[in-house]
Amino acid sequence: MEIKSISSKKILTEAKGFLDFGYTHSLNPYAGCVFGCSYCYVRELPIQKFREQQWGTWIDAKSNASDIYRKEILNLRKRGKFVRIFMSSSTDPYQPIERKSEITRSLLDAMIDHPPDFLLIQTRSPLITRDIDLLVQLKEKCGLRVSMTVETDREDVRKIFAPHAPSIPLRIKALAEIKKAGIATQAAVSPMLPCTPDFPLIFSGHVDRICIDTLTIGDGAEGRRSKKLGMPQLFEAHGFSKWYDTNLHRKAVKHFLKFYPQDMIFVSQEGFAP
Ligand code: SF4
């Protein structure tokens, strides 16, 4: 594992591509991600393509993130701009290094002083519960939603596709704590992986909404990136080929609607919208 502390010139990146649907900026406190999920589309982006080290084995920690955030948001506000932030699009803001470095925590602190109009925190790490004290303050100042990735309810499946990511029960426990603190929560079933018929039930009482996404509609390239990452072969190798289905999101929505009202269920991009 190669961990570097870097000074970043910019921390708010103008939203484009998959995020250009209501967000003005993405914010990545780190470059690189130790969770190293097999399906991660960042593996196919220039940030990884031009690195020698493998995805999941390096992190650049942007140690000056909160100072730069303060400067950038003041500048944007001076120009009368809306600021809706997606944190994070190409890393996990609560990967293990965050426990010590507290870069994401320092950003939340800065946001309490200089709030954006909306913040979506996208993570799969229970470490986010450490910052509930700050999230509770921030939700009084801006729109805030915590979106926790939960791709399946099967730990054996999680261990095939994302062996270094936190366990599913820990993620559900974190969602429950965040919801209990009065913060808006979302389960991001993204990408949906093979699961049991009871999967929808694990969210019961812990989320305000559920967003369903798949490897074919949610990789930002109509499934091409997932193919390049060898996902069809990985599904096949484990006897899951029937799950690699371009209609999976429709089937999943139909199933989830047996458990939740229509206004709680979203698909792909619309689910992540501010
Ligand atoms: S947690 Fe997110 S950014 Fe990190 S490897 Fe997994 S999909 Fe990629």
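Author: Three strands form an open sheet in the order 1-5-4, with mixed pairing (strands are DSSP E runs of at least two residues, helices H or I runs of at least four, both numbered from the N terminus; a pair needs at least two DSSP bridges). Strand 1 (2-6) and strand 4 are the edges, and each has a single partner strand, so one side of each has no neighbour in the sheet. Strand 1 runs parallel to strand 5 (residues 58-62), with five bridges between them; E2, for instance, bridges to W58 in strand 5.

This is a predicted model, with local features needing pLDDT of at least 70 and side-chain atom pairs pLDDT 80 or more, while totals for chains, interfaces and linings use all residues. Numbering starts from 1 along each chain as its sequence is written, and side-chain values use heavy atoms, without hydrogens or water.

The largest pocket has a volume of about 1,000 Å³ (a pocket is an open set of 1 Å grid points where a 1.4 Å probe fits, with protein on both sides within 12 Å along at least five of seven lines; lining residues have an atom within 4 Å of a point; volume is the space filled by probe spheres on the points). It has 44 lining residues, with Y41, V42, S88, S89 and S90 closest to the centre. Strand 4 (30-31) is among the elements giving two or more residues to that lining, alongside strand 2 (12-14), strand 7 (118-123) and helix 8 (224-228). By class, the lining has 19 nonpolar, 17 polar and eight charged residues (Ala, Val, Leu, Ile, Met, Phe, Trp, Tyr, Cys and Pro are nonpolar; Asp, Glu, Lys and Arg charged; the others, including Gly, polar).
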